[in-house]
Amino acid sequence: MKRKKFRRRLLLLVVICFIIFLFGKSDWMMQKLYPVKYSDLIVESSEKYKVDPHLIAAVIRVETNFQTGRESPKGAVGLMQLMPTTSEWIVERANLEHISADKLLHDPTMSIELGTWYLNHLLDQFDGEKIVAIAAYNAGPGNVSKWIEQGTWSGEYATSDDIPFGETRRYVQKVVYYYNKYKELYPQL
C-alpha cells in the first residue's frame, strides 16, 4: 500500500516538474510549435526586396506550412503558392529569367524569391499598407482595390470581417496571427 502511494506521488512530482520545465522554457516550446524553416533564404530575400522577414515566414506558414512540392486545387505552386500566370508576370517584370515555373514547385529558393518580390510589389502598390497587401496576395490586387474604392472594406485589420471573400478574410487573419507570433518568437529573424 505504501509503495503504491509512493509511486503515485513520485509520478505526480515528475508530471509537475515536466509542466514547470515546459512553462519555464516556453520560448523553446513555442518555437517547436511554430517553427520557421528556410530562415536563411527568407532573410536573404527580405534584405534584397525590403520585406519584413516575419511577413514572409507568415505567408509561407499559411500557404504551405513550409512544405515544398505543394500545388493548390486552383493551380498555385511553390512554398508561397503563386499562380503560374503571376509567376510568369513576376519573372518577366523583375528580370528573373533564372527562375522557371517548373523549379518553383520544388525549389524553396525560387519560390521565396518570387513570393517576396511580389509582396514587395504589393506593398509598393498599396503604399506600404501591410494588411491590404496581404489581402491582395490572396485575392488579387484588382479585387482588393475594388473593395476599398467601393467602401466594402476599409483596408484595416479591425474591419477584416468585412472582406467579401471568406477565404481572403480567413487568410488575412491567419497571416496576421502568424506574423505577430513570429515577431514575438523570432525577433532576430
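Tutor: From the N terminus on, the elements run α-α-α-α-α-α-α-α-α-α. Helices here are DSSP runs of H or I with at least four residues, strands are E runs of at least two, and numbering starts at the N terminus. The chain is more spread out than a compact globule, because its radius of gyration is 21 Å, well over the 16 Å that the globule rule gives for 189 residues. That radius is taken over C-alpha atoms, and the rule is 2.2 Å times the number of residues to the power 0.38.

Student: What are we looking at, and how are residues numbered?

Tutor: This is a predicted model: local features need pLDDT of at least 70, side-chain atom pairs count only at pLDDT 80 or more, and totals for chains, interfaces and linings use all residues. Residues are numbered from 1 along each chain as its sequence is written, and side-chain values use heavy atoms, without hydrogens and water.

Student: How many helices and strands does the chain have?

Tutor: 10 helices and 0 strands.

Student: What box do the C-alpha atoms fill?

Tutor: Roughly 75 × 40 × 30 Å, along the principal axes.

Student: What share of the residues is buried?

Tutor: 44% of the 189 residues. Buried means under 20% relative accessible area, exposed over 50%, partly exposed in between, with a 1.4 Å probe and protein chains only.

Student: Where is Asn120, and is Asn120 buried or exposed?

Tutor: Asn120 sits in helix H7. Asn120 is buried, since its relative accessible area is 18%.

Student: Switching to Asp127. Where is that one, and why does Asp127 count as exposed?

Tutor: Asp127 lies in the loop between helix H7 (108-125) and helix H8 (130-139). Asp127 counts as exposed because its relative accessibility is 69%.
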